[in-house]
Amino acid sequence: MNNNNPTPFSGNLDAVNHVRGQSIYVDDLPEYAGTLHAKVFYSPLAHGRIRRLDFEAAAQLEGVIRIFTYQDIPGENQLGNIVPDEPLLAEEEVHYIGQPIALIVARSPEIAEQARERVQVDIEELPPVTEPREAFRQGLLLHESRKFEMGDVETAFAQCKYIFEGAAHTGGQEHVYLEPQGAYAVPREGKAFIHSSTQGPTQVQRTAARVLGVPMNQVEVDVTRIGGGFGGKEDQASGWAALVAMAAHLLKKPVKYILSRHEDLLMTGKRHPYDSDYRIGLDEHLKIQAYEAVFYQNGGAAADLSPAVLERTLFHATNSYYVPHARLTAHCCRTNIVPSTAFRGFGGPQGMFVIEAAIHHAASELDVNPMEIQRQNLLQDGHIFPYGQVIRESEARNCWMENIERNNLRRLQEEIRLYNASHPLSKKGLHLMPVCFGISFTKTMMNHARALVHVYSDGSVGISTGAVEMGQGANTKMVQVAAREFGLRLEQVKIETTNTTRVANTSPSAASATSDLNGKALLDACGQIRERLEALLREEWGLGEQDAIQLRNNTVFVNGKEQDMSWEQLIQLAFFQRINLSAKGHYATPDIHFDKKKEKGHPFAYHVYGTAALHCTVDCLRGIYSFDAVHIVHDFGRSMNKGIDLGQIEGGLVQGIGWMTMENLQHTPEGKLLSQTLSNYKIPDIYSVPKEVSVHFLHTDGTEKAIYKSKTTGEPPLMYGIGAYFALYDAILAFNPEAPRLYHAPMTPERVLGLLYASPA
Ligand code: LUZ
Ligand code: MOS
């Protein structure tokens, strides 16, 4: 049955409930009678050995039910998935400030909090390490180092006309999802039922089962939606869920723990800070011949997802540029800060910043605009990434050229030049930021998904997938898929919660892969039901192979002609014929593979391309700045929901600009996070977003590997924000051409001011 009747829709089905405050998050669930509340007691020191713990005063507080330590854990005291190196509750040693040591369960969160203040701990202090380069020197690694190589780097450097080298730093980033981490566990006849604010229901299920010492079928995880994730809840939601599951299991009572914002800032992982070294070599035509980079990743106190994040840094270390001779090395360094974790872009942005810095460095030394170097080096079909994948359907050049033409960037450059010449204390800057992001989990095994579809006997449709709605519009896209496949209106399809008993063994909603993987699994399930309906109609109506049946507008069409049979009548007929109206779908991304021994392969289903032009003004007296406009040309393929996709681009851009300019995570040498409230950790607000953002949908054919050829939009736009750093630099150099080349993000107003008045390095 062929069904090409797209239901055009733009927007998010959750919007109405969101604005009415009727969307349900974990803390909005009605409470079961007898619910208890938990809080962790955490390490006050970054590194040490626990000598003595005294819970007596805490336990005596009225309303405290129990205090659990690692000794109470029925199963394994282990959170680590890639590397088993992270206890759920600390045993003899502590490795970062905020590390959970004990779980206090009380009648209310307030009592648990008071009890926490009464806990006494005596820790023998050990020297902490907070910087990745220092960790590397001491041999403190979370995982073995990785190296991607292509061509003959040394020979290529020897032949380069220009060589520049330097260092770069990018800081961490706090996710600041609106809904903090949290979970609510309810014992049900011995089984653990967990509501969790997670991107990965299966990760939570697996971890809770491990901690409880029970098989996975004794744990059910349910997610209605989450209030933002951005990677922070890809793996790090599991610990909170496992803790409440353990308490609920042992106390046989419902137990809930929703972190306060302060606890969340203190105890949960953030984007990985990176320190990097680069060396770039160009020929006389400004073609990059050789590039070498060494990345020191600050992974924090446990591996968490760091080895996978490290890998994506290597995959994206050359971004949208072709580098024939590359050597990229990355070290996963262990330090005494909270374990760093997934954050939109997953190490990719950190890699892209470094090559953009190298290009900026070269351009400023050679006194050309970085655009001249970019132009010579954008990816084209037939080029090869350092990891061996051959470039096909590259839109790098098209996006870049289209941006320059459509937005009159040559004229804008001239206007900026005139403005800067006539404004001694105010300077404008411009940077063009190309992005190329690989789509698929880099771990090939994770690229599969399932979906479950029920058509009820009244014709209404219920769907379940492994996709977690986190504000990104995954649910809307899933509903669109089912509606389109059955020729129904969106209102006829209901999407259910994401639940491990309906859809098992899910990959987390991450890697920008959610809609493609789950959407295609859903396509498979809907297709099975359609085939059964088609076979029924062929038999009932005596149709031949050549007759085309379509489902459209809630009606059956044969050879384009509307039949006197509505969808509801068809379903009733099928039900009376005892036809199976439910189906389970499956999808596994074809043609992807990667060989870690050779560090070569074809890891990505496709790439997303785009270019952003960022335009800013710097106040050279104060160091403050604003973004006048950002113009984006982005390759959406054939967007299936322009409203959602546009929202993803705008949100990603602003989140990226925040990371590059104002979000400043600072630790003391003792490992204490200084920016642990939202009054001293600043994220972009309505006043700091660009005054104008335009997004042009580049017209392309899309790719079969994307759902309906609608390329994913999740992570790629964050990396447009990297251009903010270099746009500001452009303005700074207009004021102070002697300013040293310093690639140390974020470019806070303080740092801008320093550079405006700095003498050469
Ligand atoms: N998570 C993951 C990700 O486990 N693997 C990935 O490749 C990835 N990429 C982006 C974001 N999350
Ligand atoms: Mo992610 S960084 O959870 O796609």
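**A colleague's note on the predicted model**

1. Let's begin with T69. This residue is buried, with a relative accessible area of 13%, which falls under the 20% cut-off for a buried residue. The model is a predicted one, and in it T69 sits in the loop between β3 (64-68) and β4 (93-94). Leaving out residues up to four places away in sequence, T69 touches F55, L89, I101 and A102.

2. Another loop residue to look at is K233, found between β11 (219-223) and α7. Is K233 buried or exposed? K233 is buried, as its relative accessible area is 0%.

3. Now to the rings. How many aromatic pairs does the count come to? The count comes to 23 aromatic pairs. One of the pairs is W240 with Y257, whose ring centres are 5.9 Å apart and whose planes stand at 90 degrees, so this pair is edge-to-face. W240 belongs to helix α7 (residues 238-251) and Y257 to strand β12 (residues 255-258), so the pair ties together parts 17 residues apart in sequence. W240 counts as buried at 6% relative accessibility, and Y257 is buried too, with a relative accessible area of 1%.

4. A further aromatic pair joins F315 and Y387, again edge-to-face, at 4.7 Å centre to centre and with 90 degrees between the planes. Which parts of the chain does this pair link? F315 lies in helix α9, while Y387 is in the loop between α11 (370-377) and α12 (396-406), and the two residues are 72 residues apart. F315 is buried, with a relative accessible area of 2%, and Y387 is buried at 0%. Both residues also belong to one aromatic cluster, formed by F148, F315, F385, Y387, F594 and F604.

5. Since F315 has brought us to α9, here is the helix itself. Helix α9 (residues 306-315) is mostly covered, with ten of its ten residues buried. F315 is one of these buried residues, and others among them are S306, P307, A308, V309 and L310. The list also includes E311, R312, T313 and L314.

6. Helix α14 (residues 474-486) deserves a look as well. Its 13 residues reach 19 Å from the first C-alpha to the last, close to the 18 Å expected at 1.5 Å a residue. Why can α14 be called largely enclosed by the rest of the structure? The reason is that 13 of the 13 residues of α14 are buried.

7. Finally, let's turn to the surface. Which residues form a nonpolar patch there? L425, L621, L753 and Y757 do, and together they have about 370 Å² of accessible area. To find L621 in the model, look in the loop between β27 (606-619) and β28 (625-634).

How values were computed
Residues numbered from 1 in each chain as written. Chains lettered and ligands numbered in written order. Predicted model: local features only at pLDDT ≥ 70, side-chain atom pairs only at ≥ 80, totals over all residues. Heavy atoms only, no water. Helix = DSSP H or I, 4+ residues; strand = E, 2+ residues; numbered from the N terminus. Expected span 1.5 Å × (residues − 1). Buried < 20%, exposed > 50% of the residue type's maximum accessible area, 1.4 Å probe, protein only. Patch = residues over 30% accessible without salt bridge, like charges linked within 9 Å, V, L, I, M, F, W, Y side chains within 5 Å. Areas by Shrake-Rupley, 256 points an atom, 1.4 Å probe, with all protein chains shown as cover. Salt bridge = Lys/Arg side-chain N within 4 Å of Asp/Glu carboxyl O. Contact = heavy atoms within 4.5 Å. Phe/Tyr/Trp six-rings, centres within 6.5 Å; stacked < 30°, edge-to-face > 60°.
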